[in-house]
2 protein chains.
Amino acid sequence: MQGGARARLDGLLRARSIALVGATERSAWSNGAFANFGRLGYEGSIHVVNPKGGRIHGVNAATSCRALGQQVDAALLMVPMHAIEEALQDLHEAGIGNAVILSSGFAELGGDGADRQMSLAALARDKGIHLLGPNCLGFINFIDRVPIWTINLPTRLAGNVALVSQSGATASYIAEFAGRQGVGLSYIVSTGNEVDLNVARVVDYLVDDDATRVICLFLETSRDAQTLAAAAQRALSAGKPIIALKIGTSHITARSAQAHTGSLVGDDRVFDAACRQLGIIRVQSVDDLVATAGLLSQVQPRSGGVGVLAISGGICEVAADRAEAVGLQLAELSQPTRDALKQLLPDFGTPHNPLDVTGAAMLEPSLFASSIGVLASDPGVDLVACLYDMPGAPLQKYSEQVIAAVGTGFAAIDAQSVLLSITPRPVVDYSRLLAKHHGIAYVAAGVDRGLSAIASAQWWARKRGECHPLPVANDLPQIDARPATERQTLDYLASQGVPVIPARIATDAAQARSIAHEIGSPLALKIASPDIAHKSDVGGVQLNVSPAHAADAYRQIRVAVAASCPQARIDGVILSPMRGNGIELLVGIVRDPQWGPMLAVGLGGIWVELLKDTSLRLLPVTATDVRAMLDELRATRLLDGYRGGPRVDRNEVADVIARIGNAALALGPRLHSLEVNPLLATPGHVEALDGLTLWNDEDAP
Amino acid sequence: MQGGARARLDGLLRARSIALVGATERSAWSNGAFANFGRLGYEGSIHVVNPKGGRIHGVNAATSCRALGQQVDAALLMVPMHAIEEALQDLHEAGIGNAVILSSGFAELGGDGADRQMSLAALARDKGIHLLGPNCLGFINFIDRVPIWTINLPTRLAGNVALVSQSGATASYIAEFAGRQGVGLSYIVSTGNEVDLNVARVVDYLVDDDATRVICLFLETSRDAQTLAAAAQRALSAGKPIIALKIGTSHITARSAQAHTGSLVGDDRVFDAACRQLGIIRVQSVDDLVATAGLLSQVQPRSGGVGVLAISGGICEVAADRAEAVGLQLAELSQPTRDALKQLLPDFGTPHNPLDVTGAAMLEPSLFASSIGVLASDPGVDLVACLYDMPGAPLQKYSEQVIAAVGTGFAAIDAQSVLLSITPRPVVDYSRLLAKHHGIAYVAAGVDRGLSAIASAQWWARKRGECHPLPVANDLPQIDARPATERQTLDYLASQGVPVIPARIATDAAQARSIAHEIGSPLALKIASPDIAHKSDVGGVQLNVSPAHAADAYRQIRVAVAASCPQARIDGVILSPMRGNGIELLVGIVRDPQWGPMLAVGLGGIWVELLKDTSLRLLPVTATDVRAMLDELRATRLLDGYRGGPRVDRNEVADVIARIGNAALALGPRLHSLEVNPLLATPGHVEALDGLTLWNDEDAP
């Protein structure tokens with residue numbers, strides 16, 4: 001993040017003096033905000049502003065910010081919507097550069113509200129005031145104990161997890177739950193309608209924040225996706241995981257989010273693809289958000305296998321099922337490890353992973369320590385997870401012995417380690433201190449959420465290890481071309497190194513006959529027109545035509561098209577050789593309003609149409625990325641010669657698709673979409689057979 | 001359940017006198033079991049038996065059960081494996097009819113252990129002793145306060161949820177978690193290796209148990225599936241939900257369960273199909289098991305839509321996403337409901353479902369009550385779920401007001417109602433009593449698990465409403481037939497009303513020519529041999545043959561087959577008309593070792609082979625069941641004329657498949673499998689083109 005932006009956010013999030021503008025003891029918000037200074041132990045100066053003056057919250061109120069006559073870092077505006085403009089003017093004159101706006105009544109209402117929000121944004125820019133909100137609950141800086149927060153403090157447990165949320169109430173629920181699970185926070189920032197500061201910019205700030213190790217997001221929409229993408233890449237390099245819970249997967253949500261904070265909920269699949277590409281861990285519930293944050297706040301993820309142990313065979317089986325369901329890679333134990341475990345365990349024990357330490361550990365808790373040591377010695381084990389419930393009070397002698405043994409085991413190994421509770425439970429002070437005393441990382445989300453969190457951490461570590469940062473699309477050379485029709489699109493792609501099917505255009509039947517004889521048999525003939533997208537629907541296509549019948553086919557096409565589309569401009573008829581048996585792929589590039597150009601790849605026919613079997617990526621992509629996209633397809637086995645079908649060269653296919661992606665990017669930001677359908681892959685060759693380009697402005701075809 | 005079996009289980013689960021056999025203060029198990037009588041407040045008589053006599057657990061020990069000289073209902077055997085036989089003899093002589101065997105060292109070890117278990121079973125049968133175990137932890141009857149339980153009591157919260165588990169330690173974890181979530185239990189039964197009593201028989205008992213409203217299962221394998229199926233059908237009729245967590249979905253589990261309790265983990269998909277058909281709610285985690293049990297223990301499920309409300313727009317959106325993800329049907333609000341909500345809410349509120357009651361409810365908690373009333377008045381709403389966290393201590397004045405308002409709202413409506421916590425949290429006594437005070441059903445599993453539980457309840461209520469109990473397979477008439485080859489199978493199916501392709505057999509080329517001319521062109525010719533399953537692999541098939549070429553085709557087939565399979569018995573060559581364009585289905589019946597004959601239906605080709613896109617059911621099925629199976633297929637849209645393909649009559653297809661299922665059942669229990677592949681469906685006709693039957697004994701082909 002650039003220095004200026006950083007300093008301004010510092011001024012807000014570490015404000016040493018704060019004014020409550022519109023303070024009144026009749027408002028729950030005002031009372032809440034004032035009380036929170038005391039609750040959190042704010043050490044800066046607090047000012048109270050109300051046009052009527054008087055004593056408010058036990059403090060002499062100034063009638064305006066100007067009247068304060070002091071340097072103030074930030075103001076909380078609790079004035080009614082219609083008084084906002086005047087309040088900003090006052091802030092401007094008092095030299096206050098940061099404001100948090102609680103007030104609602106803006107874009108979340110649509111219509112007039114959206115207009116009001118645009119005026120607010122313009123005014124703030126004009127006055128040089130940084131805004132958080134409107135329609136937000138404020139923020140809490142737990143590290144420096146700075147709250148500009150208008151409802152109850154949801155937690156006081158400080159830690160290294162930052163929470164940034166477009167919904168303030170949801171942030172509050174998440175933070176409260178985090179506190180109950182022993183997960184301490186560095187910041188909560190509620191960004192509301194994001195007229196100025198937004199989630200992406202706060203994330204960008206937090207990447208450089210020393211107190212923050214994990215960044216949690218609650219999103220209703222992606223705004224400023226380019227900033228978020230850049231920040232996410234910096235976070236991945238810095239080893240700081242971002243975990244995102246984004247609503248909007250359901251039809252109903254897309255509707256109600258509009259009502260809630262004036263967001264337009266984007267295509268969920270696009271966001272999902274962006275997360276996978278940027279190394280953002282996407283979770284589907286508050287429970288998973290907090291469990292994953294809790295794990296990552298304590299454990300440095302590694303990409304290798306996991307060793308699991310428990311004192312119940314049943315729980316080991318539950319864990320094995322869950323690991324498979326969430327894609328967690330359990331380590332395959334080596335023979336020496338298995339031998340060593342056989343030595344440790346009683347006769348009826350079996351040296352599996354997950355490892356049941358058996359009832360023998362009821363009599364001998366140190367079996368936990370020794371088993372942990374053996375598991376961790378396995379070359380395939382990067383993390384040891386012990387499934388056991390941390391006691392919540394000093395009453396359970398056996399459990400305390402187990403915890404001590406687990407602590408001893410964990411301390412003696414190089415692998416990462418974590419204790420997972422078997423069922424979800426709160427982390428009370430006693431549990432937290434006991435874990436700390438024994439140096440144990442503890443996640444109390446239960447086996448189900450806990451293993452899911454470990455799977456996410458493993459995925460993240462692998463993503464980090466890939467270490468090939470996305471090239472920035474804007475750095476690619478732009479080409480001054482504007483293809484539109486099939487032929488223009490294919491010619492343009494050919495100029496960019498994409499193999500395309502040979503084609504020549506005929507404008508009368510005799511020419512068609514002569515070209516056909518040059519190409520040789522059999523042929524495909526297609527109408528060439530900038531006005532016709534679906535050629536076969538209007539009789540504009542003839543397939544498997546022999547050269548002898550080319551002239552007839554030409555005439556039939558012209559007659560059929562003239563009847564169906566009398567107004568269409570006709571360039572002629574394209575003649576190409578027919579291609580043999582191959583696999584048809586669809587390669588589409590579409591500009592997402594938030595994330596920019598996205599690449600979609602799928603197999604043609606039912607696979608795309610019926611099964612929606614496509615893989616998505618932000619552009620640009622490398623051929624290696626496209627290989628991974630092909631692997632993701634459910635139909636992927638068809639590429640390898642399924643049931644006697646053609647087997648194609650995946651590397652060649654990937655290379656051609658990457659070229660198509662680059663060719664689309666080079667057309668610049670006005671490109672709306674470019675589609676190659678089909679891209680035909682045969683055992684010896686990959687070739688674009690048809691293409692179409694659409695542009696984002698009126699004069700496009 | 002039959003009276004005799006019921007009385008015997010009563011004798012065990014309600015034992016009024018119990019002997020601890022092999023008691024010793026040096027054993028944690030013995031100490032635990034003895035202490036549990038006191039902890040739970042057992043009111044029956046307790047006897048202690050040890051061959052050495054003396055004072056144990058503060059009681060004078062008898063040297064044998066015989067020596068007790070009293071009527072004893074049940075014994076807990078804690079003797080070593082090798083002393084079990086003598087102990088059972090002692091029980092027999094003392095007239096004790098029920099024993100719980102803690103000891104391990106049986107089938108869970110495989111090999112010798114399995115032999116020992118068979119001997120144990122035979123001995124117990126011989127002596128007329130009912131066994132629970134071996135390798136189990138016992139049981140707890142919370143209603144009558146009878147524990148034969150060898151580790152710590154996991155909970156003391158009595159209630160209406162029974163827990164039956166093949167793993168004792170897992171049962172203990174589940175019960176402890178249930179207690180923490182405020183879910184009270186009627187029984188825990190740990191069945192271990194199930195040499196005698198098994199989960200199915202305990203379920204059968206619990207269906208008639210007045211204290212039990214919900215039955216939870218933790219399963220490692222399905223044993224005695226017929227008993228479980230019958231009990232499940234009785235439970236569904238009785239309105240008593242069964243919720244099952246069955247491990248064994250992963251590869252690793254299948255291996256480690258073997259080690260754990262000697263179970264063979266069956267095909268997970270078969271179990272899944274059985275659950276769906278029998279109305280057993282299947283869950284995938286302990287968390288979901290307890291959340292669903294907690295809901296069903298308090299709420300009578302109905303099949304209609306759900307109305308949801310919360311005080312946070314963000315949480316409403318989380319809820320909407322989750323509802324869609326778990327298939328929970330939210331009610332579509334009627335216009336009068338929306339109008340009434342608009343009246344209630346402030347201007348910036350929107351009358352959606354889930355309903356955000358807005359920040360206005362911060363000032364006016366009664367908005368909860370009025371919103372609940374309006375939602376419940378909607379004709380589409382059968383259940384109202386309010387998302388709000390129950391306070392855990394009497395400190396939060398606003399929260400208490402909300403809870404009171406929710407209680408008022410719930411009390412005034414006819415719809416079912418439940419309060420769901422927003423995040424998972426324990427149910428402390430204060431919360432539980434507060435909920436009780438206000439008459440509120442409360443589930444504290446959080447939105448994610450909570451809505452999942454409601455979705456399960458909704459599914460269960462619909463399943464119950466379908467009200468067509470499975471016919472019992474054994475009641476169907478058996479037919480004395482034994483088809484094997486293609487022709488025999490098709491002829492048999494034809495005799496059972498299944499349309500099959502006409503076919504005639506030729507034994508020389510001249511006959512082939514003459515039959516071919518009678519049938520008319522074109523034809524399919526296939527080798528007829530009981531020894532050849534894959535005809536086309538050996539050159540045994542010729543398609544699209546004109547009558548003029550039938551004699552040649554005949555000769556080619558005979559030559560090719562004679563070369564490939566010189567030893568095969570040849571009945572001749574089958575001639576059939578070629579069929580036109582249609583949809584090929586695969587219809588297979590296979591006997592599952594546990595569940596009996598299962599029907600699998602799928603579309604041919606990639607759908608079955610690559611995508612494993614099949615639907616499964618226990619037989620028998622009705623045509624209506626098969627309609628539902630067809631709807632479940634991912635390829636289902638192909639049946640409706642997708643992309644210009646043939647459109648088939650689903651009712652006719654379903655009817656024919658149901659007939660095939662009945663025909664397979666009628667072949668009796670020695671049938672291993674019967675497959676029709678393909679069943680060809682065309683717009684006007686459905687017809688079996690090929691079939692094969694396999695039998696479960698040596699003399700089958």
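A salt bridge is a side-chain nitrogen of Lys or Arg within 4 Å of a carboxyl oxygen of Asp or Glu. In this predicted model, Asp209(A) and Arg14(A) form such a pair, their closest N and O atoms being 3.0 Å apart. Asp209(A) lies in the loop between α6 (199–207) and β12 (214–219) of chain A, and Arg14(A) in the loop between α1 (3–13) and β1 (17–21) of chain A, so the pair ties together parts that are 195 residues apart in sequence. With a relative accessibility of 3%, Asp209(A) counts as buried, whereas Arg14(A), at 29%, is partly exposed.

Over all chains, the structure holds 76 salt bridges. In chain B, the side chains of Glu486(B) and Lys535(B) meet in one of them, at 2.8 Å from N to O. Glu486(B) belongs to helix α18 (residues 486–495) of chain B and Lys535(B) to the loop between β21 (523–528) and β22 (541–545) of that chain, so this pair links parts that are 49 residues apart in sequence. Glu486(B) has a relative accessibility of 7% and is buried; Lys535(B), at 11%, also falls under the 20% limit for burial.

Arg555(A) is partly exposed at 42% relative accessible area, and Asp552(A) is partly exposed at 37%. Elsewhere in chain A, a network of salt bridges links Asp268(A), Asp272(A), Arg276(A), Arg282(A), Arg617(A) and Glu632(A).

The nonpolar interior may be considered next. In soluble globular proteins, nonpolar side chains tend to be buried together. Here the largest nonpolar core has 308 residues, and those with the most contacts inside it are Phe368(A), Trp595(A), Phe368(B) and Trp595(B). A second, separate core of 98 residues includes Leu603(A), Val656(A), Val626(B) and Leu665(B). Leaving aside residues up to four places away in sequence, Phe368(B) touches Leu309(B), Ile311(B), Val357(B), Ala361(B), Cys386(B), Tyr388(B), Tyr398(B), Val402(B), Ala405(B) and Val406(B).

Nonpolar side chains also occur on the surface. Trp29(A), Met362(B) and Leu363(B) form a nonpolar patch there, with about 320 Å² of accessible area together. Leu363(B), in helix α13 (residues 360–363) of chain B, counts as exposed because its relative accessibility of 71% is over the 50% limit.

The relation between the two chains can now be described.

Some features of the backbone remain. A cis peptide bond, with omega about 0 degrees, joins Gly133(A) and Pro134(A), and Pro134(A) is located in the loop between β7 (130–132) and β8 (138–141) of chain A. In chain B, Gly133(B) and Pro134(B) are likewise joined by a cis peptide bond. The loop between β7 and β8 of chain B also holds Asn135(B), which has a positive phi of about 65 degrees although it is not a glycine. Asn544(A), another non-glycine residue, has a positive phi of about 55 degrees; Asn544(A) lies in strand β22 (residues 541–545) of chain A and is exposed, with a relative accessible area of 55%.

How values were computed. Residues are numbered from 1 along each chain as its sequence is written. Chains are lettered from A and ligands numbered from 1 in the order in which they are written. This is a predicted model: local features need pLDDT of at least 70, side-chain atom pairs count only at pLDDT 80 or more; totals for chains, interfaces and linings use all residues. Side-chain values use heavy atoms; hydrogens and water are left out. A nonpolar core is a set of buried Ala, Val, Leu, Ile, Met, Phe, Trp, Tyr and Cys residues joined through side-chain atoms within 4.5 Å. Buried means under 20% relative accessible area, exposed over 50%, partly exposed in between (1.4 Å probe, protein chains only). Contact means heavy atoms within 4.5 Å. Patches are made of residues with over 30% relative accessible area and no salt bridge: like charges are joined within 9 Å, nonpolar side chains (Val, Leu, Ile, Met, Phe, Trp, Tyr) within 5 Å. Accessible areas come from the Shrake-Rupley method with a 1.4 Å probe; for residues, only the protein chains shown count as cover. Helices (H or I, at least four residues) and strands (E, at least two) are DSSP runs, numbered from the N terminus.
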